[in-house]
Amino acid sequence: MNREQLVGEIRRKKSFLCVGLDVDLNKIPEHLLKEEDPIFAFNKAVIDATAPYCVAYKPNLAFYEAYGVKGMKAFEKTVAYLKEKYPEQFVIADAKRGDIGNTSKMYARTFFGEYDVDALTVAPYMGEDSVTPFLEGYEGKWVILLALTSNKGSFDFQLTEDKEGERLFEKVIRRSQAWGNDENMMYVVGATRGEMFKDIRNVAPKAFLLVPGVGAQGGSLETVCQYGMTEDCGLLVNSSRGIIYASQGEDFASVAGEKAKELQQQMAQILEK
């Protein structure tokens, strides 16, 4: 999916919501555990209930890899289901890959060639030759680089300054724009960073930002939009636990749909402004 198509979906649905599919078998409704594939059964129900209100889904690979082959089968089925029934949805594999060039090539082949997702989160720590294999030969695919995360450990590296006063996250964004562009590269910026979105926009004025942390983690949608939104939106705001685990009863899917709709309505008001 290219940028024009993504922006078109945001405008059509009046939403820039991404639903995170972080499936923990200890948290899903008990009755689903009797299903042949509980993870896929849960995802399918959540997707059907929330698809009218979001433009993207983000399965986090850790929650599938933890269950071995069965978990990865569920991931594969989830992506295939989205591609078949909801082809307008932007599918992000949240895998945070990134390694030496030949290894990154294999990761790219896995996620863009085999699974055919639209985007992959990538860790930029190893530099240009670990990132560019994801950008070569995959038309319409996106790399989403980790830039400024909301965990407390981000202070260890991301917010450290060099002697010119440039912080590491700013250096990552600035340098990486020579590897990709606003049509194939996004950045992860945690919603709890508030006014620091202004600093992000100083370095990457037009890039799309994937923003986790709204909802359960306490990030403010209004603040994110005030400082981070661009003329064509430029944001994909993710909510995971606040939607998919809003109910652990048999009504889990309908409640997830309601929570997604609430966020979509807030987003529609913001977009109208």
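Student: Is D118 buried or exposed, and how do you know that?

Tutor: In this predicted model, D118 has a relative accessible area of 4%. Buried means under 20%, so D118 is buried.

Student: What makes K83 and D118 a salt bridge?

Tutor: Their closest N and O atoms are 3.4 Å apart, and the cut-off is within 4 Å, so the pair counts as a salt bridge. K83 sits in helix α4 and D118 in the loop between α5 (101–114) and β4 (119–122), 35 residues apart.

Student: Why is K83 called partly exposed?

Tutor: Its relative accessibility is 27%. Partly exposed lies between the limits of under 20% for buried and over 50% for exposed, so K83 counts as partly exposed.

Student: Which salt bridges does D48 form?

Tutor: D48 pairs with K44, with the closest N and O atoms 3.6 Å apart, and with K85, at 3.9 Å. Both distances are within 4 Å, so both pairs qualify. D48 and K44 are four residues apart in helix α2, about one helical turn. K85 lies in helix α4 (residues 68–85), so its pairing with D48 ties together parts 37 residues apart in sequence.

Student: Why is D24 said to have no salt bridge?

Tutor: The nearest side chain of opposite charge, K27, is 4.6 Å away. A salt bridge needs a distance within 4 Å, so D24 has none, although D24 is buried. A polar atom of the D24 side chain does lie 2.9 Å from the backbone nitrogen of N26.

Conventions
Residues are numbered from 1 along each chain as its sequence is written. This is a predicted model: local features need pLDDT of at least 70, side-chain atom pairs count only at pLDDT 80 or more; totals for chains, interfaces and linings use all residues. Side-chain values use heavy atoms; hydrogens and water are left out. Buried means under 20% relative accessible area, exposed over 50%, partly exposed in between (1.4 Å probe, protein chains only). Lys and Arg count as positive and Asp and Glu as negative; His and the chain ends are not counted. A polar contact is a pair of N or O atoms within 3.5 Å; within protein, one must be able to donate a hydrogen and the other to accept it, and residues adjacent in sequence count only if both atoms are side-chain atoms. Helices (H or I, at least four residues) and strands (E, at least two) are DSSP runs, numbered from the N terminus.
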